[in-house]
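Please go through the model below with attention to packing and confidence. A short report follows.

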Amino acid sequence: MVLATAIGEKQVYDVGKKIRQNLIIKEKLLPKIYDPHLIYARSTYIDRTIHSARCFLAGLFADDDNNQTIQANCPFEIEIHSWIHEILYPNPRIYPLLEKRLKPNQLHNLLDIEDELKKARKDFLDHINLIEYEHGFIELYDDIKSREAHGFPVPNRLKQLSMKFDEYSAQEYFLTVRPSYKKKFLRHVLCRRWILSLRKPESIAQHVTLFEQNLCELVEQLKEFVYLDIYWYTDPEKVEPYRSMVQKRFPNSQLHIEISRFRLWF
């Protein structure tokens with residue numbers, strides 16, 4: 001029999017408390033007192049998951065204003081099925097597929113040096129003086145949360161570096177299991193690199209120059225027009241350079257420019 005650890009119990013309990021603040025205290029979508037006729041709980045038949053469900057419900061109905069007392073008029077009711085009919089039980093056929101996925105260190109070797117995931121992981125490992133590390137964000141983040149749960153000190157710098165590790169963990173896992181990663185993943189990396197290059201100062205300057213040439217040609221060809229209205233999409237970084245260029249080129253005009261629309265009056 002495998003039971004949840006004390007750290008796991010606290011983590012699930014804290015998740016229940018967090019959801020309580022949203023669904024019960026703030027939105028008032030659930031009653032403050034547990035009612036099995038209104039709250040349905042489901043678990044696999046495994047003791048560990050049943051215990052986790054109890055911890056979650058305990059956090060969900062723990063009253064902060066009443067010394068964390070659980071607000072319930074009866075014991076928690078959790079539905080389980082026998083293993084023959086259990087549909088939530090882990091599927092062993094998935095294991096061979098997971099074995100084929102990239103390891104986190106293999107993934108980060110493929111990532112571009114400027115990729116946000118790679119930089120965040122490298123900054124963290126540099127801070128703890130690790131050069132080689134085969135695991136990913138999940139293990140790094142779990143180590144920090146475990147230290148906090150046991151009351152061990154965690155340096156503020158490590159807390160700052162790991163602030164987005166929950167988000168990074170999801171992105172990292174997705175990228176390691178996506179099908180046909182060799183082609184699709186490399187295309188993803190190249191596309192991100194190209195998009196980032198468009199936002200560099202030298203690239204923005206080139207775009208401003210090109211737009212200036214096209215706009216002047218249009219004004220020259222349409223000598224009688226008084227209003228120009230263009231629906232477009234441009235990066236936020238380019239709005240001010242475009243504005244500055246137009247005001248300098250056409251000082252007597254009126255201009256309204258945003259990321260989705262360009263309007264010019266003469």
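## Ser 169 and its contacts

In this predicted model, a polar side-chain atom of Ser 169 lies 3.5 Å from the backbone nitrogen of Ile 138. Such a pair is a polar contact: N or O atoms within 3.5 Å, where within protein one must be able to donate a hydrogen and the other to accept it, and residues adjacent in sequence count only if both atoms are side-chain atoms. Ser 169 sits in helix α8 (residues 165–177). Helices (H or I, at least four residues) and strands (E, at least two) are DSSP runs, numbered from the N terminus.

Ser 169 counts as buried because its relative accessibility is 10%. The classes are buried under 20% relative accessible area, exposed over 50%, and partly exposed in between (1.4 Å probe, protein chains only). Beyond its neighbours within four places in sequence, Ser 169 is in contact (heavy atoms within 4.5 Å) with Phe 137 and Ile 138.

## Basis of the values

Residues are numbered from 1 along each chain as its sequence is written, and side-chain values use heavy atoms, without hydrogens and water. The model is predicted: local features need pLDDT of at least 70, side-chain atom pairs count only at pLDDT 80 or more, and totals for chains, interfaces and linings use all residues.

## Nonpolar cores

A nonpolar core is a set of buried Ala, Val, Leu, Ile, Met, Phe, Trp, Tyr and Cys residues joined through side-chain atoms within 4.5 Å. The largest has 17 residues; Leu 117, Phe 124, Phe 137, Leu 140, Phe 165 and Tyr 168 touch the most other members. At least two residues each come from α5 (116–127), α6 (137–149), α7 (156–161) and α8. The largest share, 4 residues, is from α5.

Phe 137 has contacts beyond four places in sequence with residues including Leu 117, Phe 165, Tyr 168 and Ser 169. Another core, of 16 residues, lies apart from the largest one; Leu 228, Trp 232, Leu 255 and Phe 262 are among its members.

## Helix α2

Helix α2 (residues 47–60) has 14 residues. From first C-alpha to last it reaches 20 Å, close to the expected 20 Å, which is 1.5 Å times one less than its number of residues. Its buried residues include Ile 50, Cys 55 and Leu 57. The buried residues of α2 pack against α1 (6–26), β1 (62–63) and β2 (69–70).

## Confidence

The mean pLDDT (the predictor's confidence in each residue, from 0 to 100) of the protein chain is 80, and 83% of its residues reach 70 or more. Over residues 179–183, pLDDT stays under 50. The model has 4 contacts beyond four places in sequence for residues 179–183. Where pLDDT is low, the predicted coordinates should not be read in detail.
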